[in-house]
Amino acid sequence: MSTDLVLDSVTKRFPGSPSSAVADVTLSVPRGACTAVLGPSGSGKTTLLRLIAGLELPDTGRVLIGGDDVVRVPAERRGVGMVFQKSMLFPHLSVLDNVAFAARAAGESRSVARARAAEHLDMVQLRGFGSRRVGELSGGQEQRVAIARALAAEPAVLLLDEPFSALDPSLRTDMHDLIEQVRLSVGPTIVLVTHDRDEASRVADRIAVLEHGRVLHEGTVAEAYRAPATARVAALMGGRNRIAGTMSGGIHRSALGSVRVPGAPQSGTGILLIRQEDIVLLGERDVFEADADDVTVSGIVASLRVSGARAELAVLVGDVELHLDIASVRAPGIGDRVRMRIPVDSAHVVAG
């Protein structure tokens, strides 16, 4: 069971705070879709989830679930499940009874509730764990149980508040795979709060970038990376190349040279955005097929940082510092002159 979720001009300010925790947020999550709310600490992400869940009331605006405004509906009647950063499991109950808790609270018999709980433990790949105590579980297993418990209540909307942030990288990958399997199995409408853009792009269909309580950008994962609404959004999405210049006839001109950017403003100031992964480092003998508008530039390597299989370079091209992310086996040395190709189909311009 799932339904669409809409936030309509929602604002929340806590007493004594000089600014709103959430400010005029409008956001739509279609039935069965997953939107990641991404932003730095203190941006209002968790407050937004609590407003959806009914744990906080907005000062203004509406929260619509399946078309119905639920602002005055108690949290337990909203059809919303929530998984927190900590599993919040009941230590005095077995794993099975933790998962069965919602059904028992709703009046189901113990046998029926436990049978349904066992099905949800199967769903999160914990068959046979029902008799264990919470203290016998690993961190990843606890979060699987927490997800099973939330799903056992058959929520129309599932809220995930950075539930994997405390797990090590391999376990986080496992949990991302689990969310994908849950989506295929029961298809809940999901809102995931995270500060990790890789997690957002792995799990979600769309990304909403939040800062200071305001949505700066909302769109597909590809748009968040390739066509961010502002230079600030580009930075929050990990983009490192932001080159100030002017626009004339759809061509961005800067110390880097002239770059024709499809769909860019025809005039005015503009910031050229090029993700560091998209710039191609060329060897002396490289022969490449390029778009006629692609730009080739050369510069001097100013810094180099190798991290496993990848290397991060900063290259000075006149007054412009370009950042590249390349395979470390191809990394040049500091002070080397290098050639680079900038693919125009990867370039984007935002207002300066």
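Author: Start with residue classes: Ala, Val, Leu, Ile, Met, Phe, Trp, Tyr, Cys and Pro count as nonpolar, Asp, Glu, Lys and Arg as charged, and the others, Gly among them, as polar. For pockets and cavities, a 1 Å grid is laid over the protein atoms alone; a cavity is a set of points where a 1.4 Å probe fits but cannot get out, and a pocket is an open set with protein on both sides within 12 Å along at least five of seven lines. Lining residues have an atom within 4 Å of a point. Grid points are joined across faces, edges and corners, and a volume is the space filled by probe spheres set on the points.

Reader: What am I looking at, and how is it numbered?

Author: This is a predicted model, where local features need pLDDT of at least 70 and side-chain atom pairs count only at pLDDT 80 or more, while totals for chains, interfaces and linings use all residues. Residues are numbered from 1 along each chain as its sequence is written, and side-chain values use heavy atoms, with hydrogens and water left out.

Reader: How many helices and strands does the protein chain have?

Author: The protein chain has nine helices and 20 strands. Helices (H or I, at least four residues) and strands (E, at least two) are DSSP runs, numbered from the N terminus. The C-alpha atoms fill a box of roughly 75 × 45 × 35 Å along the principal axes.

Reader: What percentage of the residues is buried?

Author: Buried residues are 49% of the 352 in the protein chain. Buried means under 20% relative accessible area, exposed over 50%, and partly exposed in between, with a 1.4 Å probe and protein chains only.

Reader: Now the largest pocket. What volume, and which elements line it?

Author: Its volume is about 650 Å³. Of the 21 lining residues, Val80, Gly81, Met82, Ala150 and Ala153 are the closest to the centre. Strand E6 (80-83), helix H3 (101-105) and helix H5 (139-152) each give two or more residues to the lining. E6 has the largest share, with four residues.

Reader: How does that lining split by class?

Author: Into 15 nonpolar, three polar and three charged residues.

Reader: And how many cavities of 30 Å³ or more?

Author: One cavity reaches that size. The largest cavity has a volume of about 90 Å³. It has 13 lining residues, with Tyr225, Ala234, Leu273, Ile274 and Arg275 nearest the centre. Helix H8 (221-226) and strand E14 (267-274) each supply at least two residues of the lining. By class, this lining has five nonpolar, four polar and four charged residues.

Reader: Back to H5. Is it mostly covered or mostly exposed?

Author: Mostly covered, with 12 of its 14 residues buried. Those buried residues pack against E6, H2, helix H4 (110-123), strand E7 (157-161) and helix H6 (169-185). Just after H5, Glu154 has a positive phi of about 50°.

Reader: Which residues does Ser87 touch?

Author: Contact means heavy atoms within 4.5 Å. Leaving aside neighbours within four places in sequence, Ser87 is in contact with Glu142, Gln143, Ala146 and Arg149. Ser87 sits in the loop between E6 and helix H2 (95-99), and is buried because its relative accessible area is 11%.

Reader: H6 next. Which of its residues are buried, and where do they lie around the helix?

Author: Arg172, Met175, His176, Leu178, Ile179 and Val182 are buried in H6. Seen down the axis, the buried residues of H6 fall within an arc of 160°, so they line one face of the helix. The arc is taken from the directions from the helix axis to the C-beta atoms. On the other side of H6, Leu184 and Ser185 are exposed. The buried residues of H6 pack against H4, H5, E7, strand E8 (189-194) and helix H7 (197-203).
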